[in-house]
Amino acid sequence: WQKQDEKGGLLEFQADSAVLFLADEKDQTDPNRTGSEIVLPGGTIKAIYLSGDVLVTEGLRTFRAEEVYYDFEQSKMVAIEAEMRTFEPAEGIPIYVRAGKIRQLAENKFSAEDMTLTTSEFHVPQISLNASRITVTDTTPTDQKEGEVSKSSYDALLEDVRLKNNDMTFFYWPSMRTNLERPDLPIKSIYVGNDKTWGTSVETRWYLA
């Protein structure tokens with residue numbers, strides 16, 4: 001684990017195996033070196049590679065992956081066969097982003113290609129948003145420590161958006177943006193059901209204004 005600040009913030013790693021990349025001796029005596037790195041006898045950890053059932057946790061945000069490389073100096077990460085989970089602040093609803101590769105571009109900014117966005121923990125969710133690319137700005141862990149978590153703490157920009165019921169695409173949109181407060185697409189919710197009286201049905205709710 002790595003201590004993030006004096007308010008109890010932690011960045012935690014778990015995995016079957018790990019490789020640690022240590023700083024050179026000249027880097028360890030650099031007067032400009034920050035105090036946020038992990039220090040072990042014999043060196044300072046600059047980066048870490050993790051493999052096998054990887055779990056990375058920071059506040060409400062969790063990553064599960066097969067492989068992870070994390071750069072402590074730049075707060076950047078690459079996660080392979082990954083799932084990122086965070087929570088909608090007001091209702092506590094889980095949000096999942098799944099992709100073959102998820103990149104952490106900065107402390108609170110992430111991107112992924114050929115990804116699935118859903119609130120379902122199942123591998124093949126009933127209802128999901130799929131996109132060729134997504135860029136997420138997630139300040140939830142920081143805002144949580146400041147007591148200022150809101151729906152605007154999570155912002156996602158998606159390209160080539162496909163709305164799916166299981167594996168069937170029933171809606172397409174070139175691009176959209178959502179911060180969980182009000183998406184670009186003026187739809188509140190979608191429900192797909194089936195019963196003996198009415199058969200298969202689709203119920204939608206919209207922001208008509």
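Is asparagine 166 buried, partly exposed or exposed? In this predicted model, asparagine 166 has a relative accessible area of 40% and is therefore partly exposed, since that class lies between the buried limit of under 20% and the exposed limit of over 50%. Asparagine 166 sits in the loop between strand E11 (154–165) and strand E12 (168–178). Although asparagine 166 is not a glycine, its phi is positive, at about 60 degrees.

A positive phi, of about 55 degrees, is also found at serine 75, again not a glycine. Serine 75 belongs to the loop that connects strand E6 (61–71) with strand E7 (76–87). With 22% relative accessibility, serine 75 counts as partly exposed.

Serine 75 is one of the residues touched by tyrosine 70, which is placed in strand E6. Tyrosine 70 has a relative accessible area of 6% and is therefore buried. Beyond four places in sequence, the contacts of tyrosine 70 include Leu11, Phe13, Lys46, Ala47, Ile48, Lys76, Met77 and Gln104. Between the C-alpha atoms of tyrosine 70 and arginine 103, which are 33 residues apart along the chain, the separation is 9.9 Å.

The largest nonpolar core comprises 34 residues, and Met115 and Leu158 have the most contacts inside it. At least two residues of this core come from each of strand E2 (10–14), strand E5 (43–58), E6, E7, strand E8 (94–106), strand E9 (109–118), strand E10 (127–138) and E11. Leaving aside residues up to four places away in sequence, methionine 115 touches Leu158 as well as Val97, Arg98, Ala99, Leu129, Asn130, Ala131 and Ile134.

The structure contains 2 cavities of 30 Å³ or more. The largest cavity holds about 50 Å³ of space. Tyr70 is among its lining residues, together with Leu11, Val56, Glu58, Arg61, Phe63, Met77, Gln104 and Phe110. E5 and E6 each contribute at least two residues to this lining, and E6 gives the most, with 3 residues. By class, the lining of the largest cavity consists of 6 nonpolar, 1 polar and 2 charged residues.

For the second largest cavity, the volume is about 40 Å³. Its lining is made up of Met84, Val97, Ile102, Phe110, Ser111, Ala112, Ile134 and Val136. Two or more of these residues come from each of E8, E9 and E10, with E9 supplying the largest share, 3 residues. The lining of the second largest cavity has 7 nonpolar residues, 1 polar residue and no charged residues. Phe110 lines the largest cavity and also lines the second largest cavity.

Conventions: Residues are numbered from 1 along each chain as its sequence is written. This is a predicted model: local features need pLDDT of at least 70, side-chain atom pairs count only at pLDDT 80 or more; totals for chains, interfaces and linings use all residues. Side-chain values use heavy atoms; hydrogens and water are left out. Helices (H or I, at least four residues) and strands (E, at least two) are DSSP runs, numbered from the N terminus. Buried means under 20% relative accessible area, exposed over 50%, partly exposed in between (1.4 Å probe, protein chains only). A nonpolar core is a set of buried Ala, Val, Leu, Ile, Met, Phe, Trp, Tyr and Cys residues joined through side-chain atoms within 4.5 Å. Contact means heavy atoms within 4.5 Å. On a 1 Å grid over the protein atoms alone, a cavity is a set of points where a 1.4 Å probe fits but cannot get out, and a pocket is an open set with protein on both sides within 12 Å along at least five of seven lines; lining residues have an atom within 4 Å of a point. Grid points are joined across faces, edges and corners, and a volume is the space filled by probe spheres set on the points. Ala, Val, Leu, Ile, Met, Phe, Trp, Tyr, Cys and Pro count as nonpolar, Asp, Glu, Lys and Arg as charged, and the others, Gly among them, as polar.
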